[in-house]
Amino acid sequence: MSTLTRVRCRARAHPAAVDTALAVGVLLCMVAGSFVEPHDPEGVSWGLRTPDPLSLVLMSLGAAALVFRRRAPRTVLGVAGGLSVVESVTGDPRAPVAMCAVIALYTVAASTDRPTTWRLGLLTMTVLTGAAMAAGPLPWYAQENLAILAWTGIGATAGDAVRSRRAFVQAIRERAERAERTREEEARRRVAEERLRIARDLHDVVAHHIALVNVQAGVAAHVMDKRPDQAKEALAHVREASRHALGELRATVGLLRQSGDPEAPTEPAPGLDRLDELAATFRNAGLRVEVARADQGTELPAAVDLAAYRIIQEALTNVQKHAGTGARAEVSVVRVGPHIEVTVLDDGNDDGHDPAPGGGHGLLGMRERVTALRGTLTTGPRYGGGFRVHAILPVEPRTSAAPGGRP
């Protein structure tokens with residue numbers, strides 16, 4: 001970072017200090033300019049005369065007003081213009097109080113629109129120059145009067161130029177940011193479309209091979225006793241089709257992975273057979289957990305088993321997070337007809353775990369898991385305090401296809 005860039009950053013971070021320093025600098029310039037004797041018989045010369053006390057007061061007030069030029073630019077312009085008019089009428093020799101009005105006009109032009117700049121600029125030039133020409137101690141055609149007209153015009157023009165440049169740079173920056181957002185959105189859209197296409201291809205590949213496996217397995221079962229050679233051949237076809245299906249599945253899913261994604265796990269997905277281990281983990285963290293099971297050793301499909309485990313894990317995590325480690329949680333897993341019911345209760349605070357309508361990310365994840373399996377999920381505060389999570393999952397997950405139909 002260059003020195004100029006660092007200075008600009010510090011100036012933007014401390015605008016009040018910059019305005020104060022500017023006011024002090026303008027005051028010094030005005031005081032120094034008040035020592036000039038423009039009407040000396042031998043021409044313009046420097047003298048050691050003492051400035052008029054009223055001029056010193058006007059210069060000090062004008063410089064003090066510049067400290068507030070960013071907060072109230074139009075008010076500061078009015079104050080500085082009024083002080084300049086007073087100095088133009090009473091000062092002899094005149095002190096350069098109009099410098100405050102020029103800087104104030106520059107600030108107004110840099111912070112407002114062009115029509116306002118034109119109106120206020122013309123008004124300031126007319127009032128200051130007219131007052132100096134009509135009521136000042138110098139002839140109307142004096143250079144000092146024309147200088148007021150020139151300097152006020154320069155201040156308004158410079159401020160308008162700075163405002164236009166800022167607007168231009170801001171427009172370029174916004175255009176670049178909008179273009180970047182558009183490129184990112186287009187890239188995300190194309191990625192989503194490509195993933196959808198890959199998912200469709202994946203469905204076709206898996207459906208094809210699973211259909212072959214189903215047919216060959218049916219043939220093998222039919223001829224197993226009478227023609228074992230043909231059954232063996234059918235099982236070989238099953239093995240070959242499943243091998244091709246796994247290969248194509250692995251290749252297609254690999255296309256869906258992004259850089260930085262974790263590697264595929266090598267250990268089996270967790271299920272309810274690890275429920276005691278999960279409860280012990282939370283007990284070690286200080287949460288009192290009681291587990292009751294009445295599922296009579298039901299063999300659950302992998303998807304249902306994983307969903308039940310994750311629901312209990314997320315529910316206990318919410319208990320520990322929202323109700324505190326001093327709360328007590330009860331976990332029950334019950335087989336009821338063709339369903340498995342998972343319930344997690346706690347006796348935590350009365351606020352519940354989901355104060356905002358719609359649920360948090362944890363409850364949303366539970367609901368998505370249950371919905372994918374065609375189950376139902378009920379969550380909400382308990383009467384008297386605490387929270388309840390109740391999920392009903394089918395032991396055999398249902399599909400939308402009719403039996404014997406195409407997968």
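Biologist: How many residues stand between β6 and β7, and what makes Gly384 in the turn stand out in its phi?

Modeller: In this predicted model, β6 and β7 form a hairpin with five residues between them, and Gly384 in the turn has a positive phi of about 95°. The two strands, β6 with residues 376-381 and β7 with residues 387-394, pair in the antiparallel sense over six bridges, and Thr376 has Ile392 in β7 as its bridge partner.

Biologist: How do you know that β6 and β7 count as paired, and over how many bridges do they pair?

Modeller: Two strands are called paired if at least two bridges are found between them; β6 and β7 have six bridges, so the pairing follows from that cut-off. Strand β5 (residues 339-346) also pairs with β7 in the antiparallel sense, over eight bridges, and there Thr343 stands opposite His390 of β7.

Biologist: What is the order of the strands in the open sheet, and which kind of pairing does the sheet have?

Modeller: Five strands make up the open sheet, in the order β3-β4-β5-β7-β6, and the pairing is mixed.

Biologist: Why are β3 and β6 said to stand at the edges?

Modeller: Each of them, β3 (288-294) as well as β6, has a single partner strand, so one side of each is left without a neighbour in the sheet. With direction ignored, neighbouring strands of this sheet are turned by 10° against each other on average.

Biologist: Which helices lie across strands of this sheet, and at what angles do they run?

Modeller: Helix α9 (residues 275-284) lies across β3 and β4 (328-336) and runs at about 165° to β3, whereas helix α10 (residues 302-323) lies across β3, β4, β5 and β7 and runs at about 10° to β5.

Biologist: Turning to helix pairs, why is α2 called roughly parallel or roughly antiparallel to α3?

Modeller: Helix α2 (residues 15-33) and helix α3 (residues 53-66) pack at an angle of about 160°, with their axes 8 Å apart. That angle makes α2 roughly antiparallel to α3, because the term applies to angles over 145 degrees. The crossing of α2 and α3 is right-handed.

Biologist: Which residues of α2 and α3 meet?

Modeller: Asp19, Ala23, Val26, Leu27, Met30 and Val31 in α2 meet Met59, Ser60, Ala63 and Leu66 in α3. The residues of this contact of α2 with α3 divide into eight nonpolar, one polar and one charged.

Biologist: And what makes α5 roughly parallel or roughly antiparallel to α6?

Modeller: The angle between helix α5 (residues 98-111) and helix α6 (residues 114-135) is about 165°, and their axes lie 9 Å apart. The value makes α5 roughly antiparallel to α6, because it lies over the cut-off of 145 degrees. The crossing of α5 and α6 is right-handed. On the α5 side the contact is made by Ala101, Leu105, Val108 and Ala109, and on the α6 side by Thr117, Leu120, Gly121, Thr124 and Leu128; these residues divide into six nonpolar, three polar and no charged.

Conventions: Residues are numbered from 1 along each chain as its sequence is written. This is a predicted model: local features need pLDDT of at least 70, side-chain atom pairs count only at pLDDT 80 or more; totals for chains, interfaces and linings use all residues. Side-chain values use heavy atoms; hydrogens and water are left out. Axes are lines fitted to C-alpha atoms, for helices over the stretch in contact, and angles run from 0 to 180 degrees between N-to-C directions. Helices (H or I, at least four residues) and strands (E, at least two) are DSSP runs, numbered from the N terminus. Angles under 35 degrees count as roughly parallel, over 145 as roughly antiparallel, 65 to 115 as roughly perpendicular and the rest as oblique. A crossing is left-handed if the near helix is turned anticlockwise from the far one by less than a right angle, and right-handed if clockwise. Contact means heavy atoms within 4.5 Å. Ala, Val, Leu, Ile, Met, Phe, Trp, Tyr, Cys and Pro count as nonpolar, Asp, Glu, Lys and Arg as charged, and the others, Gly among them, as polar.
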